[in-house]
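Here is a short briefing to read alongside the structure. Please take a look at the fold before going through the notes.

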Amino acid sequence: MQSTPNPDLLSPFSEALTKFAYQGFQQTKSLFSFAHKNISDRLTNAVIPSRQDMTSPLSPELLLKLQESRSQLCEIDWEDVQKGIYPVEVLFDSFLPDFLRYYPEMWLDLPKIWSRLQRKEYQSFADDIEKEGYPGYYLQNFHHQTDGYLSDSSANLYDLQVDILFNGIADGMRRRILTPLKEGLTTFSSVPAYQIKVLDVACGTGRTLKALRATFPKASLFGVDLSPAYLRKANQLLSENPRELPQLSHANAEDLPHPDNFFHGVSCVFLFHELPGFARQAVIEECFRVTKPGGTFVICDSMQLADTPEFEGMLNNFSAMFHEPYYQDYIRDKLGERLEKAGFELLETQLHFLSKYWVARKPDSTTLIQNN
């Protein structure tokens, strides 16, 4: 792929100033996230002292390594702007209005979480939540979220919760799918930009789709999710952009509502660790079905045990502290083999901070001939 330097960063002075502002923005988010987690953990441990016995402390060396890894991710994020992968304003995208409106609700929600923790209720939903038609594995209070993924309140709090969990760099982690996806789409360089179709599977509140729109301003974007509440939130977020809106569908990723060989690119962010093994395979096979020959499929999810054995304690802490019933199986799963079983060609894997990425391609006739 041939990248074009971002014209907004041609001036050395403006480049230095913009990078300094970005670093300050990220540092502020990191410090705030640390303070929030420190206070909320202390309160939770005071209410439920037994919770402290569920986790093991992390060594100073490991914490330092995590900080260095986060800094490296920020540097890669900056470099991708310089390469012209996405515009500089993406680096400063925030959800300040939602923060001001919903952050107090995060604290008000804590007593509900404590109550469920004390009662060990992990599949608790309000009486007015519609639960019919959803697979059993989906009806969970993932991350101890009130009403799981099935309420507007959950959708309003989700982005704040995830960004704090990842020390203010959740969007930077999502953006790591953009470079391999953009490189993969060069396969279709003869296709007009407005005819390029990209699908985000399990699009949630639309944060990944928003980054995709900034990267592919003329492409036709599609999103699919199993939660009506999160799709409503995604529509609210994406309607702020005056450009063409993505087409959002309410569906299970195990049965995508799209034709065969339809998309030039497919992404999936933070889904697979919340699926049992059989569902992971089914989703991958559906993604293969709807991807065009020569198309690219990029997965972003949690790091795995085989890649980072030194983080085993931290990975175990995550599944112990948060309700993640399929996480221990996920961190030992071989998604590369699942991709190849479905028919994809696994091109590479990447690690960035706490996340792992699989970049795969659906073989076209030329690739098949070369491999035979």
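Which residues have the most contacts inside the largest nonpolar core? They are M173, L199, V201 and F272, in a core of 93 residues. Please keep in mind that this is a predicted model.

**Nonpolar cores**
- V201, one of the residues with the most contacts inside the largest core, touches V224, A253, V266, S267, C268, V269, L271, V283 and C287, leaving aside its neighbours within four places in sequence.

**Cavities**
- Searching the whole structure turns up four cavities of 30 Å³ or more.
- The largest cavity has a volume of about 420 Å³, and 29 residues line it.
- Closest to the centre of the largest cavity are the lining residues A202, G204, D225, F270 and L271.
- Helix α4 (152-165), helix α7 and strand β2 (220-225) are the elements that each give two or more residues to this lining.
- Sorted by class, the lining comprises 17 nonpolar, six polar and six charged residues.

**L271, in a loop**
- L271 sits in the loop between β4 (263-269) and α9 (277-290).
- With a relative accessible area of 13%, L271 counts as buried, because the cut-off is under 20%.
- Beyond its neighbours within four places in sequence, L271 is in contact with V201, A202, V283 and D301.
- L271 and C203 are 68 residues apart along the chain, yet their C-alpha atoms are separated by 9.2 Å.

**T215, in a helix**
- T215 belongs to helix α7, which covers residues 207-215.
- T215 is buried too, at a relative accessible area of 6%.
- Not counting residues up to four places away in sequence, T215 touches I85, Y86, L178 and K182.

**Helix α2**
- Helix α2 spans residues 60-82, 23 residues in total, and reaches 33 Å from its first C-alpha to its last, close to the 33 Å expected at 1.5 Å a residue.
- The buried residues of α2 are L62, L66, S69, R70, L73, C74, D77, W78, D80 and V81.
- An α-helix has 3.6 residues a turn, so residues three or four places apart point the same way.
- The partners that the buried residues of α2 pack against are α1 (12-47), α5 (170-174), α6 (178-184), α10 (312-321) and β6 (345-352).
- After α2 comes G84, with a positive phi near 85°.

Terms used
Residues are numbered from 1 along each chain as its sequence is written. This is a predicted model: local features need pLDDT of at least 70, side-chain atom pairs count only at pLDDT 80 or more; totals for chains, interfaces and linings use all residues. Side-chain values use heavy atoms; hydrogens and water are left out. Helices (H or I, at least four residues) and strands (E, at least two) are DSSP runs, numbered from the N terminus. Buried means under 20% relative accessible area, exposed over 50%, partly exposed in between (1.4 Å probe, protein chains only). Contact means heavy atoms within 4.5 Å. On a 1 Å grid over the protein atoms alone, a cavity is a set of points where a 1.4 Å probe fits but cannot get out, and a pocket is an open set with protein on both sides within 12 Å along at least five of seven lines; lining residues have an atom within 4 Å of a point. Grid points are joined across faces, edges and corners, and a volume is the space filled by probe spheres set on the points. Ala, Val, Leu, Ile, Met, Phe, Trp, Tyr, Cys and Pro count as nonpolar, Asp, Glu, Lys and Arg as charged, and the others, Gly among them, as polar. A nonpolar core is a set of buried Ala, Val, Leu, Ile, Met, Phe, Trp, Tyr and Cys residues joined through side-chain atoms within 4.5 Å. The expected span of a helix is 1.5 Å times one less than its number of residues.
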